[in-house]
Amino acid sequence: MQPRWDARARTLMQLSTSSLTGLARERRDALFGTRVTFSPKVFIPLTQLCRDRCGYCTFAHSPRTATAPFLEPDEVLAVAEQGAAAGCHEALFTLGEAPELRYPEAAEWLAAHGHVSTVGYLAEMTALVLAETGLLPHSNAGALSEEDLATLRASCASQGMMIESLRADLVAHRGAPDKLPARRLATLQAAGRLAIPFTTGILVGIGETEADRLEALVAIAEAHRTYGHVQEVIVQNFLPKPGTAMRAAAPCPRDDHLRAIALARLVLPDDVHVQAPPNLTEPDELAGLLAAGIDDWGGVSPVTVDHVNPERPWPSLEKLRAATEGAGHQLAPRLTIYPELAARPERWLDAATRFPVLDRADADLLGRDDPGALWPERHRDAVNVGTGAEVIQVGRRSTAWFSGAGVDPSPVPSAGGTVRGRVREVLDGVRLGQDPGAEELEALFAARGGEVHAVAEMADEIRRQVVGDEVTFVVNRNINYTNVCTFKCRFCGFSKGPLSLNLRGAPYLLTLDDIADRSEQAWALGATEVCLQGGIHPSFDGDFYVEVTRAVHERVPDLHIHGFTALEVLEGSRRLQEPLESYLLRLKDAGLRSLPGTAAEILDDDIRAVLCPDKITTDEWLEVHRTAHAVGLRSNVTMMFGSVERPAHWVRHLLRTRALQRETGGFTEFVGLPFVHMAAPIYLKQGARRGPTWRETVLVHAVARIAYARDIAHVQASWVKLGPAGAQQLLAAGVDDLGGTLMDENISRAAGASHGQGLTPDDLADIARAAGRPLRQRTTLYGEVAQERRVAELTS
């Protein structure tokens with residue numbers, strides 16, 4: 001075979017190992033920063049029968065030594081359920097190649113179970129695991145035809161096959177017809193034509209030369225450049241095993257392995273990841289693999305052994321994290337499909353696997369990293385979810401943290417090693433007074449592991465400088481005056497169309513007297529603020545909002561009226577065909593004092609087109625608040641995060657509102673609102689993630705504090721969505737305000753939140769006390785509350 005590599009590749013082979021690995025390390029850092037990924041998974045050895053006889057393999061058995069030809073469905077499902085319960089994301093199906101062509105026992109077993117081939121049974125089992133556990137199947141079935149690959153694509157988020165080597169005369173592959181180079185390359189290329197996210201790799205030390213390794217790597221690179229489907233390349237070192245034909249062969253020299261890793265990083269396209277199995281290297285030598293250029297550890301299981309190398313146990317995740325952080329990197333779990341391909345599901349995933357991938361993804365399209373089980377959600381009644389169905393969840397419940405779910409989040413881990421790289425550079429710049437822009441804020445949102453703790457510490461340092469140690473809150477009541485809405489926000493579980501069926505409660509519309517009565521009751525209970533928000537009822541004209549404001553103000557003149565989203569204000573002015581400024585002045589004259597920032601969601605029109613296509617645009621939201629500030633009304637900034645957007649959209653939201661604040665100075669606080677997924681129509685229709693992870697929640701609040709610094713003095717935690725334990729943790733990440741006591745909060749509960757409809761001042765005091773911070777009651781605009789209006793719990 002004529003070598004297919006260029007002069008640059010030849011030059012790389014001439015470099016010393018230290019020079020070669022140095023170049024690879026620099027390239028890896030430039031591409032992936034400090035992040036090193038791994039896939040938490042279970043091994044499912046569907047069959048250990050194989051028609052091939054490789055000289056190094058102990059995985060393959062004969063019918064005489066195998067316990068059974070194949071695992072039964074209940075055995076497959078039992079392993080997968082263990083993985084889901086342990087927080088895994090991947091089910092790796094390992095198996096021998098076409099054993100039915102060699103062993104009658106295999107063919108007979110398959111026939112008895114309704115199949116003519118191993119691939120047919122594999123497809124049934126991958127579909128079973130996907131449906132019952134939500135684990136993402138990755139099949140490693142060897143050299144397959146295009147038809148077989150297509151069959152598996154329907155239930156596998158990714159597939160794989162090691163090239164191993166393209167050298168045809170290796171002793172290791174005698175008696176292995178499926179290891180013929182042409183057959184392996186044909187499978188690789190067929191996977192590309194079918195747009196299958198694919199894993200491949202080379203096996204180092206089985207008799208090949210460095211030139212042979214380079215030949216295989218270049219062939220993989222060429223296939224990827226044609227089809228774009230190679231996600232990762234495994235660079236695996238050979239270790240001899242007792243009982244094999246190669247038991248007396250020397251293990252792969254460490255220097256050869258490191259050079260092969262470095263060559264892979266330098267020869268492969270930039271969007272191909274490079275991994276080396278951590279269990280095939282001694283624990284004290286793992287740092288060397290990182291130094292050679294890997295950015296991924298491959299699959300690591302907390303549940304099952306490596307059935308291909310059972311004599312080599314996995315390092316615990318704690319040891320793997322310690323080795324990774326000790327080398328200046330941060331460990332992050334991923335899915336079996338990498339983010340580069342998961343971002344284009346319509347190309348790279350079958351329709352049946354798209355939502356299961358989304359359901360386990362974080363905002364970076366890596367794996368959700370909150371500990372605990374993650375089961376698919378089942379619902380008894382979730383058909384009519386266009387305008388808010390009554391949703392009853394059935395079946396197994398996840399135990400991982402989700403916003404609104406009633407599970408306390410795990411604390412953010414402190415840095416286990418030196419925080420370096422881009423996150424360190426940005427934080428150092430912020431400390432020196434530099435104004436972070438889009439690129440810097442995106443770098444902070446990419447923080448993992450100990451980097452998150454460092455970002456939170458910086459945010460808390462800024463909080464201390466800007467507002468001190470006090471934690472503030474306001475005594476208030478929410479009045480949601482109607483749940484009928486003509487708009488079709490896909491995330492909203494609260495509003496009801498007038499003809500909806502299966503409603504979570506009947507449609508309602510409070511009268512002016514109802515609203516005034518509730519406001520008066522709130523004042524009697526110690527409230528200083530009433531928050532007025534509701535759906536856009538088809539019968540409203542713009543004067544409704546003025547009349548509501550006047551009714552409350554006349555009944556309780558000293559009660560601060562915090563009301564009406566930018567959507568309500570703009571819709572009111574439009575229905576009256578009144579200029580926005582004039583309309584806001586009339587609301588102010590009637591008694592309105594400030595606007596909530598809700599209806600912002602994400603201030604990016606691409607995302608709004610998905611979440612709320614008929615709602616106000618980004619520019620309209622900004623203009624309403626600009627005009628409100630101009631007429632003397634204050635407002636706040638909210639951001640709903642964790643549904644369909646990515647971190648770049650968070651950055652745009654922060655920078656657009658920061659720019660407006662620098663123009664007007666009218667925003668009082670930033671309020672992060674993590675998406676509550678449980679009864680949200682867009683989630684029930686399989687169009688959104690399960691809300692943010694806890695890491696993302698911490699970062700949103702911390703990065704907001706860093707982005708706004710002194711521009712917006714206050715950062716608020718929404719205890720309704722976070723729970724008291726979550727709110728307490730955020731007090732160490734730049735947050736200084738706990739919002740309101742929120743008597744009768746309904747909107748979050750309608751979306752599935754379970755944290756109650758109000759906290760007492762004593763409850764809030766407990767949160768602050770647990771964080772070691774003093775609590776102060778405030779007015780809506782952060783002023784001092786008159787002595788006679790202060791709550792007794794804090795003055796006694």
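Helices here are DSSP runs of H or I with at least four residues, numbered from the N terminus. The model is predicted.

**Helix α24**
- Helix α24 takes in residues 647-664, which makes 18 residues.
- Buried residues of α24 are Pro647, His649, Trp650, Val651, His653, Leu654, Thr657, Arg658, Leu660 and Gln661.
- The cover over these buried residues includes the helices α16 (438-445), α22 (605-611), α23 (618-630) and α26 (694-708).
- Strands β17 (634-641) and β18 (667-674) are also among the elements covering them.
- Just after α24 comes Gly665, with a positive phi of about 70 degrees.

**Helices α21 and α23**
- Helix α21 consists of residues 580-590, and its axis comes within 10 Å of that of α23, crossing at roughly 55 degrees.
- The two helices are therefore oblique to each other.
- Their crossing is right-handed.
- On the α21 side, the contact is made by Leu580, Glu581 and Leu584.
- On the α23 side, Glu623, Val624, Thr627 and Ala628 take part.
- By type, the contact residues of α21 and α23 are four nonpolar, one polar and two charged.

**Leu722 in helix α27**
- Leu722 lies in helix α27, residues 719-730.
- Its relative accessibility is 1%, so Leu722 counts as buried, the cut-off being under 20%.
- Leu722 and Ala768 are 46 residues apart along the chain, and their C-alpha atoms are separated by 15 Å.

Conventions:
Residues numbered from 1 in each chain as written. Predicted model: local features only at pLDDT ≥ 70, side-chain atom pairs only at ≥ 80, totals over all residues. Heavy atoms only, no water. Expected span 1.5 Å × (residues − 1). Buried < 20%, exposed > 50% of the residue type's maximum accessible area, 1.4 Å probe, protein only. Contact = heavy atoms within 4.5 Å. Axes fitted to C-alpha atoms, helices over the stretch in contact; angles between N-to-C directions. Parallel < 35°, antiparallel > 145°, perpendicular 65-115°, else oblique. Left-handed = near helix turned anticlockwise from the far one by under 90°. Nonpolar A, V, L, I, M, F, W, Y, C, P; charged D, E, K, R; others polar.
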